[in-house]
Amino acid sequence: MSTGPIRTLLVDDEVLARLALRQALAAHADFEIVGECGNAAEAMQAVAALAPDLLFLDIRMPGLDGFRLLHQLKPDTLPMVVFATAYGQHALRAFDANALDYVLKPIDQARFDQALARVRRHWRGLHARTPAGIAPATSEPVQRLSVRVGEHIRVIAVDAIDWIEADGNYVHIHVGKQAYLHRETLRGLLATLDPGRFLRIHRGTLVNLERIREIHPLFQGNAEVVLHDGTRLNLSRRFRLHARRALGMA
C-alpha cells in the first residue's frame, strides 16, 4: 500500500461531469487524479494498468453501467468506490455494492468533502495492513458474523470458520460442510477479523490457522495448504513468506 496520495480514477461518460469532479478534488492535495475514463471498458483497462486506490464512478453510462463494471473487476483489483451520479434512487444499491459513499450531481462541495473524509478514514484503516495484506487489530476483532440465509439471519462464531474465499463483492464462508454467501468483500473482512487467527494464503483466500494440517510445496514457489477435513487450497508465492512466519516454519 502506497504512503503517498490516494490515487484516484474518474469514470463518467460526461466530460463536464469529470471536470466538476476535478474541480471538487482540486482543494485536496492528498488525492491525485491518475486518469479519466468515459465508459466501463476504458475503466477496466485503466484499473488494470494504473491500479488506482479510489474510483469516482458514474452509474448510467453507455455499455456497462457502474454496477456491472464493479462486478466485472477482479476482487484483488477492486479499489475504494464513491458513486457520483444524478440519480438518487440508486443509493441503497450503491451501498449494497460496498461503495464508501454516494454523491449527487451537480456536485455540492460541502457534501463532496464529507465523502472524501469518509474515504480518508477507510484509507487509514487499509493503510494499517502489513505487506501480506493482513490487517492488524486496530480495534477489537469481531467474534461473530451475521449472514443472511433465506429469510433468516445466521450467526456464525468466528472460531467455527474453516476458510473464506472471495467472490467479487461477496465472500463464501466455509463452516464444516456448509458454505454461506455473505455480502462483504474480502478486503472488508480483513479489517475486522483477528490477524492472529486468520491467514491470507492467496489474494482471494483466508484460512483459519487452527484448521491447517499440512503444507505441501509445489513448483515455482507455490504451495498447497491442507486443512484438517482434507480441503486443499492454493498458497500463492506472494503470501508464502508471511505464511511461513505465521506457522513457525524455518
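Reader: Is His 182 buried or exposed?
Author: His 182 is buried, at a relative accessible area of 13%. Buried means under 20% relative accessible area, exposed means over 50%, and partly exposed is in between, using a 1.4 Å probe and protein chains only.

Reader: Before we go on, what kind of model is this?
Author: It's a predicted model, where local features need pLDDT of at least 70, side-chain atom pairs count only at pLDDT 80 or more, and totals for chains, interfaces and linings use all residues. Residues are numbered from 1 along each chain as its sequence is written, and side-chain values use heavy atoms, with hydrogens and water left out.

Reader: Ok, back to His 182. Where is it found, and what does it touch?
Author: His 182 is found in strand S10, residues 178–182. Leaving aside residues up to four places away in sequence, His 182 touches Ser 146, Val 147, Tyr 170, Val 171 and Ile 173. Contact here means heavy atoms within 4.5 Å.

Reader: How many helices and strands are there in the protein chain?
Author: Seven helices and 15 strands. These are DSSP runs numbered from the N terminus: helices are H or I with at least four residues, strands are E with at least two.

Reader: And how much of the chain is buried?
Author: Of its 250 residues, 42% count as buried.

Reader: Which residues touch the most other members in the largest nonpolar core?
Author: That core has 20 residues, and Val 11, Leu 55, Leu 57, Leu 70 and Phe 83 touch the most other members. A nonpolar core is a set of buried Ala, Val, Leu, Ile, Met, Phe, Trp, Tyr and Cys residues joined through side-chain atoms within 4.5 Å. Two or more residues each come from S1 (6–11), H2 (40–50), S3 (54–57), H3 (66–72) and S4 (80–85). H2 gives the largest share, four residues. There's also a second, separate core of 18 residues, with Phe 31, Met 80, Val 82 and Ala 84 among them.

Reader: New topic: in what order do the strands of the open sheet with S14 come?
Author: The order is S13-S14-S15, three strands with antiparallel pairing. S13 (212–217) and S15 (232–235) are at the edges with a single partner strand each, so one side of each has no neighbour in the sheet. From one strand to the next, the twist averages 25 degrees.

Reader: How many bridges join S14 to S15?
Author: Four, and the two run antiparallel. Strands count as paired if DSSP finds at least two bridges between them. One of the partners is Asn 234 in S15, which bridges to Glu 224. S14 and S15 also make a hairpin with four residues between them, and Gly 230 in the turn has a positive phi of about 95 degrees.

Reader: What lies across S13, S14 and S15?
Author: Helix H7 (residues 237–246), which runs at about 100 degrees to S15. Axes are lines fitted to C-alpha atoms, for helices over the stretch in contact, and angles run from 0 to 180 degrees between N-to-C directions.

Reader: Which residues of H7 are buried?
Author: Phe 239, Arg 240 and Ala 243. Seen down the axis of H7, they fall within an arc of 125 degrees, so they line one face of the helix. That arc is taken from the directions from the helix axis to the C-beta atoms. On the other side of H7, Arg 238, Leu 241 and Arg 245 are exposed.
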